[in-house]
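Welcome! Please take a look at the structure below, and then we will walk through some of its features together.

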Amino acid sequence: MSPGVNGGRRGTGAGPASQDEAEVARQLRDKIAAQFGRSLHIRTLDTGSCAVCEQEIRLLTAPHYDLHRLGFFFTPAPRHADLLLVTGPMIRAFDVAARKTYEAMPGPKVVVATGACALGGVYPPDPFVHGQVGEVLPVDVWIPGCPPSPLALLYGLGVAVGRLAEKTPGLTFIADQGPSGGEA
Amino acid sequence: MPLWFARGLRRGVVTTRYPARPDSSAALLPAPPAFRPRQLTRQTADRLIAVCPSTALSRQDSVLVFDAGACTACGRCAEAAPHAVTSSGEFELAATARSALVKKIPLLGEAR
């Protein structure tokens, strides 16, 4: 089956090959969302992050955010994980470990890239880092932020399992202007 | 005596109800910038690109390309040009496509 829920490797330019294929893909997505709907285990993977993303991830289990009330749990083993939460700019020395971790996870599985490093905003590709997680793993959900706050992570996890609707395509990052065009 | 029980009743639940209800601390978080196109000249845009420490800002002729995925919400652009840049206040930014995070901001007085 396809590596992830949303087919992270599929090109954005080409549409679905046929109507049937889109329908099958939708059914598969619904089935996986139903499977992930109640309880989901997360394995975190640090590919050279500065550990601030990890601090925010750890905060998810604090009483204020209480990740477990939503059915998310952390697991120390990729073999028990449904979701791989990847931080850091994907250093090249970590290639084999990252691939092995991904392959060790049972399907269906979701890969979530976390933080500006993982999204390719901080480190350009060079002999030491790939610069972004998508170069090595098929990423399904991208969570921006430096670091992403626990709320942003909760939202990203919700998007990853299909419980929350994605807002990003509707955002413009253009500020509302007053009649005078904003204060000058 | 279970004093902690009485204290719990008095203080209520500390856990956020976030996905179901908005969280009150969300407004305090650092957020990526939002731009005012009517204040954004080509000169201002180039200044913003120069102060940006990540690869979030770039310019393609008459549009400023803002990559929210690369933005670290450091606030340097809002500091450099407070009339043209404010905080978007947005933290729900997770995307299922990397390209959905790249936005085009039109510049002032340029053909689009």
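## Elements of chain B

Helices (H or I, at least four residues) and strands (E, at least two) are DSSP runs, numbered from the N terminus. By that rule, chain B contains 3 helices and 5 strands, in the order α-β-α-β-β-α-β-β from the N terminus on.

This is a predicted model, where local features need pLDDT of at least 70, side-chain atom pairs count only at pLDDT 80 or more, and totals for chains, interfaces and linings use all residues. Residues are numbered from 1 along each chain as its sequence is written, while chains are lettered from A and ligands numbered from 1 in the order in which they are written.

## Shape of chain B

The radius of gyration is taken over C-alpha atoms, and the globule rule is 2.2 Å times the number of residues to the power 0.38. Chain B has a value of 20 Å, whereas a compact globule of 112 residues would have one near 13 Å. Along the principal axes, its C-alpha atoms fill a box of roughly 70 × 30 × 25 Å.

## A helix that is hardly covered

Of the 112 residues in chain B, 37% are buried. How many buried residues does helix α1 (residues 3-11) of chain B have? The count is 0 among its 9 residues. After α1(B) comes Gly12(B), with a positive phi near 80°.

Conventions:
Buried ≥ 20, exposed ≤ 12 C-beta atoms within 10 Å, placed from the backbone.
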